[in-house]
Number of protein chains: 2
Amino acid sequence: MNTVAIFGVGLIGGSFALALRKAGFSGRIVGVSSPGTIRRALELGVIDEGRAARDAAAEADLIYLSQPILQIADSLAELNGWVRPEALITDAGSTKTLIADRAATAISRCQFLGGHPMAGRERRGVEAAEAHLFQGRPYVLTPRSEAALHTPLAREFANWIRRIGACAIILSPEEHDRIVAFTSHLPQLVSTALAAMLADRTEPKSGVFGPALADSTRLALSSFDIWGDILASNKDPIREALRHYIATLQEFSKVLETQSMRNHFESGARFAGQLREPH
Amino acid sequence: MNTVAIFGVGLIGGSFALALRKAGFSGRIVGVSSPGTIRRALELGVIDEGRAARDAAAEADLIYLSQPILQIADSLAELNGWVRPEALITDAGSTKTLIADRAATAISRCQFLGGHPMAGRERRGVEAAEAHLFQGRPYVLTPRSEAALHTPLAREFANWIRRIGACAIILSPEEHDRIVAFTSHLPQLVSTALAAMLADRTEPKSGVFGPALADSTRLALSSFDIWGDILASNKDPIREALRHYIATLQEFSKVLETQSMRNHFESGARFAGQLREPH
């Protein structure tokens, strides 16, 4: 793997470039992004050069699509005409089924292997990129078939994932999307719903709240520019997660003053505690 | 005000003692708590001495009840026979209606003025007490009548609240409870419900989640030992808050893939941003 092309040099793409470099990658890293982002990425030493999409695709051994989900889908539609047959295309989109479906129809001239690094920060953009962003974090790979993992290209890519400190997890695109609906998309909606509901009410205007309110509305600061695509491309699993969550809240309302609430609190506290244990 | 008696020398009671001292209080601070807590509070220099409840009550100019809510109610039932007529009894309970009702029937020999400092930490107990816990935080006072604020005792207490850096806010007990159902009790249940629901499911066991999940289950670490009393003593306002929140989630589920979600996200992000602005 000599040339890596990062499509979308933002937080994730920029961090992947920095992480590769730190892990010993000595080839060339080219970026495909808006002129302003390319300029910042060059200043920050995140990429070696900026290129047009077609030129980058024609040269790259690894094409890393770290754009918003629907842009990744659009990139896939174009790439097949440009890529080298020895290239691997991967992506870092937050939902995988739509992208895997698109790749299955659009990419025939080289291998595609989807992925999702479960890392993030509150800040976005190449300025927020960090070489250690993926360290100790899950990095899901979502092959449509077991065989897709055992090609030399896939093995080499999986090796780089380990070398940047991430923990590779293998799931089908559909399993991935069902899981993250519960572990990632639901927590986002839980926070946004709380903030959006309180935005319309008078109670918070009294100033009567403690640090817990800021805590529970922190995720609500996230931008719809990212979340719009996620919600639209994973709606059935998210609706199922919402259904289960709403049922839990309805149960809480019913038993609010009873000792059943002790069980719910203890079970929740145990779960929250286990999440915080080192793996 | 020469002698202050803190009933329940935990995070709040201990912090109030430390804050008073730091703000220049030169009188005596006595603690009423379990023998173990009194020992730690003396070692940490939080109180000057430990006393039995009856003795502390008989000597104090200010009686500060910082126990769990139902224990505060029990203390009120006993205190009337012990207090000096020149004393002020206040409390730091997280719900105010039940306590105000109890005080109205139980306390006749001195003044009672309820309160709720909106401060907290993840850690509990006297070890976690901090002199600056109340700094810049709302401290709600909940008189049953306007006149109760204008007694010399109430004025002196309100002055100390300002001197420890808190922002006094005046509300009726009922207004307080309705507001905190939305701004404090709902955020707690939102987090506990998420954690309790996920505790029973397989998705998180995959290890596929990002930092957002830990973030949104942090409040779920809270102990039912504190929350049981809060839920039981504020059930109608909390049920109303849950009703509004569930309706918002149901609306989200309905419009999940549409552009309406942009409005919800933007309104939520604006609210969350405003919460973080310095006052």
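This is a predicted model: local features need pLDDT of at least 70, side-chain atom pairs count only at pLDDT 80 or more; totals for chains, interfaces and linings use all residues.
If you want to find one of the pairings on screen, look for A:D91, whose bridge partner in strand 6 of chain A is A:G114.

Strand 6 of chain A has another neighbour too. Four bridges join strand 6 to strand 7 (residues 138–142) of chain A, and here the strands run antiparallel. A pairing to look for is A:G115 with A:L141 in strand 7 of chain A.

## The nonpolar core

Nonpolar side chains tend to be buried together in soluble globular proteins. In this model, the largest nonpolar core has 108 residues. Which residues have the most contacts inside that core? They are A:L79, A:I89 and A:Y245, along with B:L79, B:I89 and B:Y245.

Take B:I89 and see what surrounds it. Leaving aside residues up to four places away in sequence, B:I89 touches B:I63, B:L65, B:L76, B:L79, B:V83, B:I107, B:C110, B:Q111, B:F112 and B:L113.

## Charged pairs

Now for some charges. Side chains of opposite charge can pair when their charged atoms come close. The count over all chains is 34 salt bridges.

One of them crosses between chains: A:E203 pairs with B:R178, with the closest N and O atoms 3.1 Å apart. On the chain A side, A:E203 lies in the loop between helix 7 (173–199) and helix 8 (211–216), while B:R178 belongs to helix 7 (residues 173–199) of chain B.

## Salt bridges within a chain

Other pairs stay inside one chain. B:E43 and B:R40 have their closest N and O atoms 2.5 Å apart. Both lie in helix 2 (residues 35–43) of chain B, three residues apart, or about one turn of the helix. B:E43 is exposed at 54% relative accessible area, and B:R40 is partly exposed at 31%.

B:D101 and B:R144 also form a salt bridge, this time with 2.8 Å between the closest N and O atoms. That pair links distant parts of the chain, 43 residues apart: B:D101 is in helix 5 (residues 97–106) of chain B, and B:R144 is in the loop between strand 7 (138–142) and helix 6 (152–163) of chain B. Both ends are partly exposed, B:D101 at 37% and B:R144 at 43%. Over in chain A, there's a network of salt bridges linking A:R28, A:E49, A:R51 and A:E59.

Finally, how do chains A and B relate? A rotation of 180 degrees, with 0.0 Å of shift along its axis, superposes chain A on chain B with an RMSD of 0.1 Å. The two copies are therefore related as by a two-fold rotation axis. Both use the same surface, since 100% of the contact residues of chain A recur in chain B.

Note on methods: Residues are numbered from 1 along each chain as its sequence is written. Chains are lettered from A and ligands numbered from 1 in the order in which they are written. Side-chain values use heavy atoms; hydrogens and water are left out. A salt bridge is a side-chain nitrogen of Lys or Arg within 4 Å of a carboxyl oxygen of Asp or Glu. Helices (H or I, at least four residues) and strands (E, at least two) are DSSP runs, numbered from the N terminus. Buried means under 20% relative accessible area, exposed over 50%, partly exposed in between (1.4 Å probe, protein chains only). Copies are superposed by least squares on the C-alpha atoms of residues with pLDDT of at least 70 in both. Contact means heavy atoms within 4.5 Å. A nonpolar core is a set of buried Ala, Val, Leu, Ile, Met, Phe, Trp, Tyr and Cys residues joined through side-chain atoms within 4.5 Å. Two strands pair if DSSP finds at least two bridges between them.
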